[in-house]
Amino acid sequence: MSLVQRSPADHDCVTGAPDRVTTSGRDDPVTDALRQLRLQGAIFLRAEYRDPWSYQSLTGPETAGILRPGTDRVILFHVVADGTCWISVGEGERHWARAGDVIVLPYGDQHTMGGVGDAQAVALESIMQAPPWTRMPVIRHGRDGEQTDIVCGFLHSHDVLFDPVLRVFPPVFVVRPPDGPAAEWVRANVAYALTQAEASPLGPDAVPTRLPELLLTEVLGIHLASAPAIDTGWLAALQDPVLRPALAALHSDPQRRWTVPDLAAASASSRSLLDQRFREVLGRSPIRYLTEWRMHLAEDLLATTDLGVAAIARRIGYDAEEAFSRAFKRSHGSSPAPWRAQHHLRG
């Protein structure tokens, strides 16, 4: 039995809830573009973990094969209903999340999650009921410490935003809906969808909700709010035959010492044409875009990881911490350390 919600006409289940909760209170080009995404998905399990605990997921293709047979990748999200946890992809850093946060794995990569205490990661399949599921699976794992409750969902899309080659997004990122309508909407809809799914005799995909689609649209809008050129042609640039390969190269290796000739070679175009397309579509030069993209990545690393400022500087392409700090202060009006003190999700 497929878990995919197939009716595009289905509404969110909370009476009176809006189809889209915008954090700015108005529509913008990113909001409009995200509305056009074609997404299908479901909430498919919930988990109750008690510290200490840790697990490693299946590979991306294995996860996709279970949740969306016939595909090799899905978008995964985890809503932290209560408690604190971390998540990492591969050998990457740990990103921390707490109650109210939404963890997004835009390419469904294999990942490891855990709680505050140290624990040996177990294979997810060893603690999760094997499909097919007639009711929503509930994972209970860990010992006798503080409990972390997580709600898990997935989506599938062929949109360029989720092309693993382009890698528009980091492999994992954490979004905190701002206090107010957006955060309340997420909590209310997750609670309602869970109630409906647990009561359904046909399993999770019998629940008529667009929650996964709406939730992902909302958190992507929040995440992209600090991305460069979002109010000009950023999304259109991902479709541009000159800009797309240059952006794919830049996004996949932001720490490289990129030059305009390097990016032109990646896009098989001339330097003048590349510069022209960046200015026409994105409203800035290639190097300015690179700097702004690095600052976007720095925000995520400062807010959700415990990496030191010097390590973050190296991760996004700065040899010297001082140079990174100056660039970040120019962009954000604050140096990295005080900015982190105000925004770190683990705090």
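This report walks through a pocket, a strand and some aromatic rings in a predicted model.

## The largest pocket

Let's start with an open space. The largest pocket holds about 470 Å³ of space. Its lining is made of 20 residues, and those closest to the centre are Glu93, Pro170, Pro171, Pro254 and Arg315.

Which elements give two or more residues to this lining? They are helix H6 (243-252) and helix H9 (286-304). H9 provides the largest share, with four residues.

Next, find strand S6, which covers residues 102-105. Here is a handy idea to keep in mind: in a regular strand, side chains alternate between the two faces of the sheet. In S6, Val102 and Val104 point one way, while Ile103 and Leu105 point the other way. Are these four residues buried or exposed? All of them are buried.

S6 also has neighbours to pair with. Strand S3 (residues 75-82) is joined to S6 by four bridges, and the two run antiparallel. Look for His78, which stands opposite Ile103 of S6. Strand S11 (residues 173-175) runs antiparallel to S6 too, with three bridges between them. Here Val102 has Val175 in S11 as its bridge partner.

## Aromatic rings that meet

Now for the rings. How many aromatic pairs does a search of the whole structure find? There are 12. One of the pairs is Phe44 with Trp133: because their ring centres are 6.3 Å apart and their planes meet at 15°, this pair counts as stacked. The cut-off behind that label is an angle under 30 degrees between the planes.

This pair links distant parts of the chain, since Phe44 and Trp133 are 89 residues apart. Phe44 belongs to strand S1 (residues 40-50), whereas Trp133 is in the loop between strand S8 (122-123) and strand S9 (138-142). Both Phe44 and Trp133 are buried. Elsewhere, Tyr318, Phe324, Phe328 and Trp339 come together as one aromatic cluster.

## Charges over rings

Finally, look at two places where an arginine meets a tryptophan ring. Arg94 lies over the face of Trp86, at 3.8 Å from the ring centre. The ring of Trp258 has the charged end of Arg256 sitting over it, 4.1 Å from its centre.

Conventions. Residues are numbered from 1 along each chain as its sequence is written. This is a predicted model: local features need pLDDT of at least 70, side-chain atom pairs count only at pLDDT 80 or more; totals for chains, interfaces and linings use all residues. Side-chain values use heavy atoms; hydrogens and water are left out. On a 1 Å grid over the protein atoms alone, a cavity is a set of points where a 1.4 Å probe fits but cannot get out, and a pocket is an open set with protein on both sides within 12 Å along at least five of seven lines; lining residues have an atom within 4 Å of a point. Grid points are joined across faces, edges and corners, and a volume is the space filled by probe spheres set on the points. Buried means under 20% relative accessible area, exposed over 50%, partly exposed in between (1.4 Å probe, protein chains only). Two strands pair if DSSP finds at least two bridges between them. Rings of Phe, Tyr and Trp (its six-membered ring) pair if their centres lie within 6.5 Å; planes under 30 degrees apart count as stacked, over 60 as edge-to-face and the rest as tilted. A charge sits over a ring if NZ of Lys or CZ of Arg is within 6 Å of the ring centre and within 35 degrees of the ring normal.
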